[in-house]
Amino acid sequence: MSLFTPRNVLYLSILAGLSTLVLKSYAYWITDSISLLSDAAESVINLIAAIIAFIAVRLSERPADDTHTYGHEKIEYFSSGFEGALILFAAFSIGMLGIHRLIFPQPLQTLEVGMIISFIATLINAVVAVILLIVGKKYQSIVLEADGQHLLTDVYTTCGVLIGLFLAKVTGVEWIDPILAIGVSLIILTISLQLIWKSFKGLMDHALPEKELAIIREIITHNLESKMTFHALRSRQAGAKKFVDFHLLLPGLLSIKVGHQLMEKIEHAIKLQIKDCQVQIHAEPIEDPTSWEDNALTSFEKKVPNS
Ligand SMILES: [Zn+2]
Ligand SMILES: [Zn+2]
């Protein structure tokens, strides 16, 4: 599996993008089919998206430095957001072309050859999409997954277009071609909105899934002794990296040494359960009223047992 690193897989997707773009453009050129044109337009986006993804992954791999002390993972959300915007643009263009061709129909030529070429391009895309999805899941990379998801929809739409063109050829009905193009544009539209939404969530520091938060609460509670509690649990995610912080309320006379040992223990336990997680704990004396009034979260977050 070591051959399939995120970087190598992205090289592969750029190569696939280039070759399918050439094949599909040629298929449109010889057939004058607008649905094949819509398919080729998707390939242009695939290629641009693959290049953006490549740059984003290279940047996000950089370790934290003195100007980006949390690391560079968030660049991935810009990449997938930009990709979403590009696809949105393509969806509108293809939809408009489809409507135009519906009003002014045109005959199709040498459809068989065009369809075979388009089918070969789709096979290439299908293989690369599956590789992207597997490697993306393994490395928890939103960029690779977005890229793979994107290629996969490209495969579905091309299959739909090919089936439709086959029907158009058999029946000789001219409006099937533009209707297919409009259908493709609607599919592309939903993908783009999903990508934009996912990026938005990441950039807005959406909390970790409730399942993981429950695990974290359970670990903290499990490690607390009498006259201890916690509050103001916060979490966020940047790419594969997760961040958790909370206030630990300890008896005021407990030594820093003992308190720190406890915090190290909790930190370690959380990191064992939640992969690639950074934990920050703020210690405060449980007797002091100011410890309880220091965070807006304390008024509405889930209640923890106060022993
Ligand atoms: Zn420490
Ligand atoms: Zn507090």
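Me: Two strands pair if DSSP finds at least two bridges between them. What makes β1 and strand β2 a pair here?

Reply: Eight bridges join β1 to β2 (residues 241-250), and the cut-off is at least two, so the two strands count as paired. They run antiparallel, and Phe230 stands opposite Leu248 of β2. Please keep in mind that this is a predicted model, where local features need pLDDT of at least 70, side-chain atom pairs count only at pLDDT 80 or more, and totals for chains, interfaces and linings use all residues. Residues are numbered from 1 along each chain as its sequence is written, chains are lettered from A and ligands numbered from 1 in the order in which they are written, and side-chain values use heavy atoms, with hydrogens and water left out.

Me: Why are β1 and β3 called edge strands?

Reply: In the open sheet of three strands, the order is β1-β2-β3 and the pairing is mixed. Both β1 (229-238) and β3 (277-285) pair on one side only, so they are the edges. Direction ignored, neighbouring strands of this sheet are turned by 15° against each other on average. The strands themselves are DSSP runs (E, at least two residues), as helices are (H or I, at least four), numbered from the N terminus.

Me: Which helix lies across β2 and β3, and at what angle to β3 does it run?

Reply: That is α8 (residues 256-273), running at about 150° to β3. Angles go from 0 to 180 degrees between N-to-C directions of axes fitted to C-alpha atoms, for helices over the stretch in contact (heavy atoms within 4.5 Å).

Me: How do you know where the domains are?

Reply: The bounds come from an automatic or database domain assignment, which gives domain 1 (6-203) and domain 2 (210-299). Their centres, taken over C-alpha atoms, are 44 Å apart. Ten residues from domain 1 and nine residues from domain 2 take part in the contact.

Me: What is the volume of the second largest pocket?

Reply: About 280 Å³. Of its 16 lining residues, Ser60, Glu61, Glu76, Tyr139 and Ala240 lie nearest the centre. This lining, too, draws at least three residues from each of domain 1 and domain 2.

Key:
1 Å grid on protein atoms, 1.4 Å probe; cavity = no way out; pocket = protein on both sides within 12 Å on 5 of 7 lines; lining within 4 Å. Points joined across faces, edges and corners; volume = space filled by probe spheres on them.
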